[in-house]
Amino acid sequence: YPGAEVSLLCRDYLAEVLRQKTSYKVNNFNLKKEDLLLFLNGRMLAEEKLPLKINFSTKDRAFISKGELLALNLKGEDFKKYETEVKTLYKKTSIESILKKVKKTEIKLEFIKYLWDLIRLNSEEIVRDFKRLSKVKKNDFKKGVESSVKIYNPKDVYIGKNGRIDAFVVLDARKGPIYIDENVKIQSFTRIEGPSYIGMNSVLLGAKIREGTSVGPFCRIGGEVENSIF
């Protein structure tokens, strides 16, 4: 959404903590009449074509999927009518109330409802992220990668800057992409199968990483890991 000013909405008791962690405005409702507001549910899995499905509008409208409120259009001049509900959009009663007042549009969009949805959808998201990132990132296997490293389907493997991949490591991207971020150290006899993501500054110690695994920054991983998020 180029040109849009981003604000974050959260529970009041979390607002101060969130302000310390972001440069965005938090729970800011200093609005002008001409403002167009678009509230987006942070649990949705936003795809590249999201702005075509959900965009700013002069009409009050809610976008729902499987009964869940995923987005809401409001005009600044009408904000007062919905202020109580909007400030507590994390409450079921507030959502039910606002859905009675505005027109609803059903859309097809994945979103996180339960913790296990993160695991269930992780492989698909890694594939989608890899496609987006590969358009703007250039790959280079020459630096930091030992000659005995075996890479299956190298076009679906990305290795970031300042990484080190020791001898006898296997990167198997035949079933999905592998994205290895910057400053990652992978020790000998590690095997990684895609779709997988290894975060910045992480170390793999002879690990067996199976598909659907995301490793965050500054992690140290050993043993056999599958369908997990660190």
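The backbone nitrogen of Cys-10 lies 2.9 Å from a polar side-chain atom of Asn-27. The model is predicted: local features need pLDDT of at least 70, side-chain atom pairs count only at pLDDT 80 or more, and totals for chains, interfaces and linings use all residues. Residues are numbered from 1 along each chain as its sequence is written, and side-chain values use heavy atoms, with hydrogens and water left out.

Asn-27 sits in the loop between β2 (25-26) and β3 (36-40). Strands are DSSP runs of E, at least two residues, numbered from the N terminus. Asn-27 is buried, at 14% relative accessible area; buried means under 20% (1.4 Å probe, protein chains only). The side chains of Asn-27 and Asp-12 make a polar contact at 3.4 Å. Such a contact is a pair of N or O atoms within 3.5 Å, where within protein one must be able to donate a hydrogen and the other to accept it, and residues adjacent in sequence count only if both atoms are side-chain atoms. C-alpha to C-alpha, Asn-27 and Asp-12 are 7.8 Å apart, with a sequence separation of 15 residues.

Strand β4 (residues 61-65) has 4 of its 5 residues buried, so the rest of the structure largely encloses it. Two strands pair if DSSP finds at least two bridges between them.

β4 and β5 form a hairpin with 2 residues between them. In that turn, Lys-66 has a positive phi of about 55°.

Technical notes: Buried < 20%, exposed > 50% of the residue type's maximum accessible area, 1.4 Å probe, protein only.
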